[in-house]
Every structure is written in structure tokens, then in C-alpha cells.
There are 2 protein chains.
Amino acid sequence: MPVTENPDKKLKELGKNTLKQIEKEKNPDIELPIRVLSNIYFDEKSGLVRLGDKISHRTYLNVAHTRKFMQTLMVAAECKKIIDQDVTTSIRDLYYALKRTIPGTKENTVEYQGESDPIIEDLEAALDTLRERLHLQADRKGYVAGPIVVNDAGDRINCAKMGSSGWAIPSNVEPEVITFEKCTADFLIVVEKDAIWQRLNQDKFWKKYNCLILTGKGQPARGCRRLINRMHKELKLPVYVMTDADAWGYYIYSVIKQGSINLSFLSDRLGTPSAKFIGLTTRDVAKFGIPKNVTIKLNKGDIKRANEMLKYIWFKPKEWQDELKHMLEVGYKLELEALSAKGIKYISEKYLPQKIKDKDFLP
Amino acid sequence: MPVTENPDKKLKELGKNTLKQIEKEKNPDIELPIRVLSNIYFDEKSGLVRLGDKISHRTYLNVAHTRKFMQTLMVAAECKKIIDQDVTTSIRDLYYALKRTIPGTKENTVEYQGESDPIIEDLEAALDTLRERLHLQADRKGYVAGPIVVNDAGDRINCAKMGSSGWAIPSNVEPEVITFEKCTADFLIVVEKDAIWQRLNQDKFWKKYNCLILTGKGQPARGCRRLINRMHKELKLPVYVMTDADAWGYYIYSVIKQGSINLSFLSDRLGTPSAKFIGLTTRDVAKFGIPKNVTIKLNKGDIKRANEMLKYIWFKPKEWQDELKHMLEVGYKLELEALSAKGIKYISEKYLPQKIKDKDFLP
């Protein structure tokens with residue numbers, strides 16, 4: 001499903017429809033896609049986690065809905081206002097802009113940010129749009145280096161000339177703000193950790209292998225996933241993901257690849273199904289002779305999580321089943337930094353080159 | 001005290017001295033400045049938190065010291081190695097590079113990163129050097145925008161042309177990596193929160209007021225504090241700090257201004273004693289007509305903290321005593337985002353301009 005390019009119109013419609021219902025003395029009703037596991041499926045054809053077509057109704061004259069109904073219209077109204085003013089704001093600012101005491105009562109419109117954040121996602125799903133198009137931004141993190149020139153809000157940024165810091169990935173990377181002017185890279189490596197990114201940047205790995213290196217600093221923010229998606233789609237760059245060899249790392253990979261349950265309505269925009277996993281795996285310990293004392297013993301939570309992942313449809317490929325079973329068998333996990341036990345530059349001079357040469361990827 | 005520009009020499013000396021002690025069959029001994037509250041004082045003349053001259057001895061033939069003694073020499077040896085190789089590494093990588101099982105035992109040299117991190121600080125203090133000079137780097141965060149051209153590891157970066165993202169502050173901002181090529185700004189505003197920085201950047205506040213805007217994203221990392229220090233010293237920029245009106249925000253300000261207890265041996269390099277506090281204060285609520293419902297009630301911890309801060313020597317100026325007492329009196333705190341209740345652009349169009357015009361700063 002295409003994402004609406006003009007949420008302004010949809011916001012107006014939402015308002016008009018509600019008004020019409022009130023004028024007809026009907027119970028005002030907003031239709032919302034249901035965003036829980038029961039309405040999610042894995043679309044094997046596209047390789048994406050997708051939202052089903054179950055719909056819920058949020059109505060005004062339902063005591064359980066009234067407060068959320070009001071909040072939904074308030075968020076919609078505030079978005080309309082900031083779009084009209086052509087400004088962008090943070091989701092925390094939005095919360096403060098909405099917060100007020102309802103006249104004649106002691107009740108506040110919103111009490112804490114945890115109330116307004118899910119309403120924003122509801123609205124994105126209902127209007128089939130992106131938060132960024134509603135002029136809202138969330139936390140940002142992550143950096144890029146390599147042979148690409150981006151245009152960021154009118155400024156040309158050459159990511160091959162960004163020193164030790166790299167280009168900081170903004171919250172909003174939609175084409176209205178970020179365009180790719182030129183890219184000569186052959187592929188993109190996404191690294192879980194900034195320290196590893198800095199290692200690769202210092203070793204000029206991106207220069208030697210003519211690639212881009214990107215880190216999301218842990219679980220990538222939306223802007224970061226969207227950027228990976230756009231770099232793959234628009235620049236045809238193959239994407240390789242490098243994380244720790246643990247359940248959290250494999251989960252990060254799966255979110256980059258297939259999308260997440262919570263934002264399943266955005267999988268087309270945030271997921272990159274053809275991404276491949278370049279490492280780290282527990283099989284690498286033997287393959288690369290990594291000393292055992294830098295591995296970390298699995299705890300109860302790790303074991304439970306690995307057993308759950310074995311059942312996930314997106315970890316069904318035999319290579320993943322093998323890796324997860326092997327992890328449970330040997331009883332350890334390990335972090336990317338463990339490669340330092342073989343030497344500070346081992347990751348850029350031996351580990352990654354060998355992985356790339358052997359095409360030693362997991363699907 | 002000047003920071004040693006050549007830690008390589010000092011590392012060699014440390015090794016030679018230890019060897020000499022062993023050859024003379026003496027108990028090997030490393031002298032370390034004591035880095036706890038009892039050896040800290042506030043130097044009113046410089047306005048900095050400073051380390052006293054109490055020294056402790058870490059000796060090999062003391063069961064309580066043996067492990068730490070070994071770790072100290074291991075960290076020193078590894079630093080010497082990476083300096084010789086001219087590479088930089090993260091403190092996490094260092095931990096992994098050191099971790100191994102001691103032959104003939106089941107004991108590991110280091111068990112977790114919490115063991116190696118304080119050793120690095122010990123070594124910095126003992127050798128009178130900076131972690132960055134030992135080629136170690138820690139987490140980085142924070143961004144800068146405005147009329148300054150920096151040279152970052154050989155690349156020229158114009159912070160007035162960095163789009164929506166800004167220049168990402170690297171871990172190491174020492175003159176070996178970062179130099180200032182040109183700066184035409186009149187002052188520097190340090191903002192606690194990235195969302196507020198993005199607001200100011202989007203409104204091109206730095207252009208209108210010919211200043212730099214910098215955010216440390218919460219408690220600033222070392223690199224960020226060092227950059228503020230260098231911008232003030234080398235570029236003669238007055239520094240104004242903007243945080244939430246709460247104990248945590250005021251603490252962030254005090255660390256930027258006076259330095260911290262833990263890194264008191266680096267206060268000259270990390271502190272900026274002439275920094276001023278531009279806001280937010282609880283007095284601003286009445287001054288700017290901020291609605292009461294966006295204030296947050298103080299909890300027990302806030303009250304305890306405010307009472308402690310009233311006694312700190314660096315919060316003794318009457319303006320701070322007044323602010324802290326006022327906070328306790330009205331019983332609330334507030335975040336910078338609370339200004340959004342007056343309008344999204346209120347902070348850049350009304351609040352900050354008024355503060356600057358009235359020179360309404362706290363010392």
C-alpha cells in the first residue's frame with residue numbers, strides 16, 4: 001500500500017467526517033487498523049512483517065474510548081497546525097503542546113508522554129502516512145561514512161569528507177529533506193555498534209572496499225531504518241548487517257530486514273528484505289579461532305529467547321536454525337568487540353574481508 | 001597543572017620504574033592521586049573543582065592490590081601498544097583485548113568492563129595525561145551548528161552548511177584531530193536536549209543571532225565538554241547553558257562550568273568556569289506566563305537533591321540560592337519542552353531573545 005503523500009488532506013477529511021457525524025447526531029467514530037500480534041502476518045512473498053486488515057472503531061460515546069478519542073482529534077489538530085506553519089516538532093514537544101486542564105474539571109488532556117505517543121502511531125496507521133509527514137520527529141542517532149553525497153535540507157554533504165565523525169543521520173530522512181546526489185559505493189555495511197563503526201572509519205575500510213558504513217548505535221531509530229531502505233531501493237546497494245552474536249543482535253537484524261510488529265504498517269518503508277547477515281555468529285568462534293574466554297555464558301533469558309526465535313517464521317531458513325541451535329549447544333554468546341582479542345584491527349583487516357571474500361552470509 | 005603532551009614517554013618510565021623495583025627486589029609500587037571526595041576541593045580563584053595532593057600507593061605484594069596492580073600494568077602496556085601502532089580504540093575494545101585466563105589458573109585478568117574503566121582513569125591521573133592521548137575513546141554524542149569551520153581529521157567541515165543534522169561531535173576533539181579553521185560567531189549556546197537543538201537549528205536561530213548552538217544530548221560526554229572548553233579558550237566565545245529547570249539540569253550546568261569530582265584532575269581541560277546559565281528556571285514560570293499545568297510536581301528525590309545543592313559551594317551565589325529556594329517553595333520543576341505550551345517557536349522567537357536582551361543569566 002502506498003503511503004499518502006499529502007497527509008494534510010487526510011487530516012482535513014478526518015475533521016470533516018467527525019463534524020458531519022456530529023451534525024447528523026451520530027456517535028463520532030474513527031476507524032483504526034488493529035496493531036497487535038493477532039493482526040500481523042509475515043508476508044513470505046515480500047519478506048516483510050505486515051499489518052492485516054482488521055479494523056477497530058474508536059468512538060466518542062463509549063466511556064472506554066472518550067479520552068483516547070479526544071486525544072486522537074487533538075493530535076490530528078496539532079499536526080494540521082504545525083503542517084500549516086511548516087515547522088517540525090518533537091513528539092515530546094507535541095505532548096507539551098497538547099497538555100492542558102480541561103475547563104471546569106481537574107482532568108488534564110494528556111497526563112504523560114506515554115499517552116500521546118501511541119496516538120501518533122494510531123494516526124499514522126489510520127491516515128496511511130508517516131510521522132515524518134505529520135511534521136513530527138523522534139530521537140535520532142547513527143552515522144554514515146563513505147562515497148556518497150547527500151543533500152540535507154539544501155546543504156551538500158560529502159560523506160567521504162566527514163573526518164572522524166561521519167554524517168549524523170537526521171530524524172527525518174524523507175525525500176523532502178534528504179536526497180542522494182551521488183553515490184559510487186558498491187554496497188552498504190550496517191554495524192550495530194558505534195565503536196566498531198569508528199574502528200572501520202579510522203581504518204578507512206569504506207575506502208578500501210568502496211562501500212558505505214552506517215551505524216544505528218544499537219537498535220536503529222526509524223530515520224536510520226528508513227535511510228537503509230532508501231539506500232537499498234534508490235541506490236541499489238546490497239545491504240549487509242553486522243551485530244553481536246546474541247539474541248538482541250539477531251533481533252536488530254530482523255527488524256532492519258523484515259520490519260517490526262509495532263510499525264508493521266510501515267514495513268514497506270522501513271524494512272529491507274534482501275539484507276544479509278554478515279556476522280557475528282557463534283560459528284565464527286571456531287572459524288576464526290576466537291579465544292573462548294571472550295565469549296559470554298548464556299543466561300536464562302538468552303536461552304528462552306533463542307528457543308523463541310527458533311520458532312519465528314523469519315528465522316526458519318536452515319542457516320539460522322543451525323546458528324540458533326549451535327548457540328544453545330555451546331551455551332555462549334559474544335560481542336563484536338570480542339574480535340579485538342585477535343588484535344585491534346582484526347575486524348577490518350581479517351574478519352570482514354574474509355567474510356566478504358567467502359560470501360559467508362546468513363539469509 | 002599542564003597535561004603531559006607525550007604520554008608515550010611516561011608509559012615507558014612507568015614500565016622502567018617497575019622493572020627497576022623488581023630488579024632491586026623491592027615491592028613494586030605505583031603512585032596514584034586519590035580521586036575521592038576527601039581529596040577534592042573547590043578552587044574559588046579558578047572556579048574549578050580540583051584534585052588535592054593526597055597520594056595512594058598501589059603495590060604488588062599486597063593481596064588487596066595485586067589484581068589491580070596487574071591490571072594497571074596491563075592497561076599501560078596495551079596503551080603503549082596502540083600508541084605505537086598509531087590506532088585508537090574504544091574502552092570496551094580495550095577490555096576485550098586485555099581479557100584472558102591467567103595460565104595455570106581459572107582466574108581471568110579482567111572479568112567485566114567495570115574493572116578496566118577505573119584503571120584507565122587512574123592511569124590518566126597518575127601520568128597526568130588524557131585518555132584521548134592514550135588513544136582511547138569513549139561513547140560520543142552531541143551536535144554543533146553555526147558559523148564555524150572545523151578541521152576533523154584532515155577534512156574541512158563547515159558547521160553552517162550541515163543541513164538538518166549538524167556536525168556530530170567526535171569522541172576525541174583534541175587538537176591532534178580537531179582544529180578550528182575559522183569562526184565568526186559571537187557566542188555559544190549549549191542546550192541540554194537534542195529536540196530543542198533541532199528546534200533552534202530549524203528556526204536558524206544561530207544565523208539570526210550569529211552564534212553557535214551545541215547539544216550534548218543530556219549529560220555531555222567528555223568530548224563535548226572538552227569542545228566547549230576549547231571553543232571558549234581558543235575562540236573567546238562566551239558560553240551560555242540552557243537546561244531543564246530541575247536538579248539534573250542544574251547538575252549538568254555545574255559539570256560544564258566547574259568540572260566533576262570523578263574527573264577533577266581534568267577540570268582545566270573540561271570545565272568552563274565563565275559559563276552562564278540562561279535558563280530554564282522556576283522563576284521563568286511567572287516571568288513568561290508559562291501555564292502551571294506543564295510544570296511537574298517535585299518528588300521526594302527532587303526535594304532532597306535541591307536541599308543538598310543549596311549547600312554546595314558552587315551554588316552559593318545568591319541568584320542560585322534564590323532559584324533553589326523558590327523551586328522548593330513552589331514545589332515544581334519543568335522541562336524545556338514546557339515552553340511549547342506557548343507555541344512551537346516560542347523558545348527561539350520569544351524566550352531566548354528576551355533572556356539575551358535582558359542579560360537574564362544566573363552565574
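## A residue in the nonpolar core

L188(A) touches C211(A), L212(A), L214(A), I228(A), M231(A), L237(A) and V239(A), leaving aside residues up to four places away in sequence. The largest nonpolar core holds 165 residues, and the members that touch the most others in this core are L188(A), I213(A) and I213(B). In soluble globular proteins, nonpolar side chains tend to be buried together.

## Confidence in the model

The structure is a predicted model. For chain A the mean pLDDT is 93, and 99% of the residues score at least 70. For the complex, the predictor gives an ipTM of 0.87 and a pTM of 0.89.

## Two domains in chain A

Chain A is split into domain 1, residues 7-137, and domain 2, residues 143-357. Between the C-alpha centres of domain 1 and domain 2 of chain A there are 33 Å. Where the two domains of chain A meet, 17 residues of domain 1 are in contact with 18 residues of domain 2.

Which strands each supply at least two residues of the side of domain 1 of chain A that touches domain 2 of chain A? They are β2 (40-43) and β3 (48-51) of chain A. The largest share of this side comes from β3(A), with four residues. By residue type, the side of domain 1 of chain A that touches domain 2 of chain A consists of nine nonpolar, four polar and four charged residues.

## How the two chains are related

Two copies of a chain are related by a rotation about an axis and a shift along it. Here, chain A is superposed on chain B by a rotation of 180 degrees with 0.0 Å of shift along the axis, and the RMSD is 0.0 Å. The two copies are thus related as by a two-fold rotation axis.

Which residue of chain A comes closest to the rotation axis? It is A168(A), whose C-alpha is 2.9 Å from the axis. Of the interface residues of chain A, 100% are also interface residues in chain B, so the copies meet through the same surface.

## Cis peptide bonds

In chain A, the peptide bond joining G279(A) and L280(A) is cis, with omega about 0 degrees. L280(A) sits in the loop between β15 (276-279) and α10 (284-287) of chain A.

In chain B, a cis peptide bond runs from G279(B) to L280(B), and its omega is near -5 degrees. The loop that holds L280(B) is the one between β15 (276-279) and α10 (284-287) of chain B.

## Positive phi angles in chain B

A153(B) is not a glycine, yet its phi is positive, at about 55 degrees. This residue, A153(B), is placed in the loop between β8 (148-152) and β9 (155-158) of chain B. A residue is buried if 20 or more other C-beta atoms lie within 10 Å of its own and exposed if 12 or fewer do. A153(B) has 16 C-beta neighbours inside 10 Å and therefore counts as partly exposed.

K204(B), also a residue other than glycine, has a positive phi near 50 degrees. The loop between α5 (194-202) and α6 (205-208) of chain B contains K204(B). Because K204(B) has 13 C-beta neighbours inside 10 Å, K204(B) counts as partly exposed.

Conventions:
Residues numbered from 1 in each chain as written. Chains lettered and ligands numbered in written order. Predicted model: local features only at pLDDT ≥ 70, side-chain atom pairs only at ≥ 80, totals over all residues. pLDDT = per-residue confidence, 0-100. Domains from an automatic or database assignment. Contact = placed C-beta atoms within 7 Å. Nonpolar A, V, L, I, M, F, W, Y, C, P; charged D, E, K, R; others polar. Least-squares fit on C-alpha atoms with pLDDT ≥ 70 in both. Core = buried A, V, L, I, M, F, W, Y, C linked by C-beta atoms within 7 Å.
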